[in-house]
Amino acid sequence: MGLQPSKIQVIFSNECTEAEVKSVAAAMLQSGLRDAGWRYIVLDDCWAGANRTTNQTLSWDALRFPSGVPSLAEWLHERSFSLGLYAS
């Protein structure tokens, strides 16, 4: 039996929000997609704030992700999803 490719749900949006990500994950869970192997949610450029922190690290957009990305990752992990972040 060969390796199966990873199944990834990617949210490509310049305006994605914490609520949108949770809604997509809940729909994937309810529809059975997670159990079929679709366990990765990757945010593409929509999560980062406009400015870096004082030590020049990226931070999340507090308006779009009011609970914070670490909290969102924990919420997803509790439901057996993995979170990936892309930034350019």
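The protein chain holds 2 helices and 3 strands. Helices (H or I, at least four residues) and strands (E, at least two) are DSSP runs, numbered from the N terminus. Along the sequence, these elements follow the pattern β-α-β-α-β. The model is predicted: local features need pLDDT of at least 70, side-chain atom pairs count only at pLDDT 80 or more, and totals for chains, interfaces and linings use all residues. Residues are numbered from 1 along each chain as its sequence is written, and side-chain values use heavy atoms, with hydrogens and water left out.

Of the 88 residues in the protein chain, 26% are buried. Here buried means under 20% relative accessible area, exposed over 50%, and partly exposed in between (1.4 Å probe, protein chains only). The accessible surface of the chain comes to about 5800 Å². Carbon and sulfur atoms account for 52% of that surface. Areas come from the Shrake-Rupley method with a 1.4 Å probe; for residues, only the protein chains shown count as cover. Contacts, defined as heavy atoms within 4.5 Å, were also counted by separation along the sequence. Among those between residues at least 6 apart, 67% join residues at least 24 apart.

The largest nonpolar core has 14 residues. Such a core is a set of buried Ala, Val, Leu, Ile, Met, Phe, Trp, Tyr and Cys residues joined through side-chain atoms within 4.5 Å. Val21, Ile41, Leu43, Phe65 and Leu76 have the most contacts inside the core. Helix α1, strand β2 (38-44) and helix α2 (69-78) each supply at least two of its residues. Helix α2 gives the most, with 4 residues.

The structure contains 1 disulfide, that is, a pair of cysteine sulfur atoms within 2.5 Å. The partners are Cys16 and Cys46, with their sulfur atoms 1.6 Å apart. The link is right-handed, with 70° about the S-S bond. Cys16 lies in the loop between β1 (7-12) and α1, and Cys46 in the loop between β2 and α2, so the pair ties together parts that are 30 residues apart in sequence. Both cysteines, Cys16 and Cys46, are buried. A disulfide is a covalent bond between the sulfur atoms of two cysteines.

The whole structure has 5 salt bridges. The criterion is a side-chain nitrogen of Lys or Arg within 4 Å of a carboxyl oxygen of Asp or Glu. Side chains of opposite charge can pair when their charged atoms come close. One of these bridges joins Lys22 and Glu18, with the closest N and O atoms 3.3 Å apart. Both residues belong to helix α1; they are 4 residues apart, and therefore separated by about one helical turn. Lys22 is partly exposed, at 24% relative accessible area, whereas Glu18 is buried, at 6%. Glu18 sits in helix α1 (residues 18-31). Leaving aside neighbours within four places in sequence, Glu18 is in contact with Arg64, Phe65, Pro66, Ser67, Gly68 and Leu72.

A salt bridge also links Arg79 and Glu78, at 3.5 Å from N to O. Arg79 is partly exposed, with a relative accessible area of 27%. Glu78 is exposed, with 55%. Salt bridges that share partners join Glu15, Asp61 and Arg64 into one network.

Arg34 lies in the loop between α1 and β2. This arginine, Arg34, is buried, with a relative accessible area of 15%. Arg34 forms a salt bridge with Asp35, and their closest N and O atoms are 2.7 Å apart. Asp35 is exposed, at 55% relative accessible area. A polar atom of the Arg34 side chain also lies 2.8 Å from the backbone oxygen of Arg79. A polar contact is a pair of N or O atoms within 3.5 Å; within protein, one must be able to donate a hydrogen and the other to accept it, and residues adjacent in sequence count only if both atoms are side-chain atoms. Leaving aside neighbours within four places in sequence, Arg34 is in contact with Met28, Leu29, Arg39, Arg79, Ser80 and Phe81.

Asn51 is found in the loop between β2 and α2. Asn51 counts as exposed, at 65% relative accessibility. The C-alpha atoms of Asn51 and Asp61 are separated by 8.9 Å. Along the chain, Asn51 and Asp61 are 10 residues apart.
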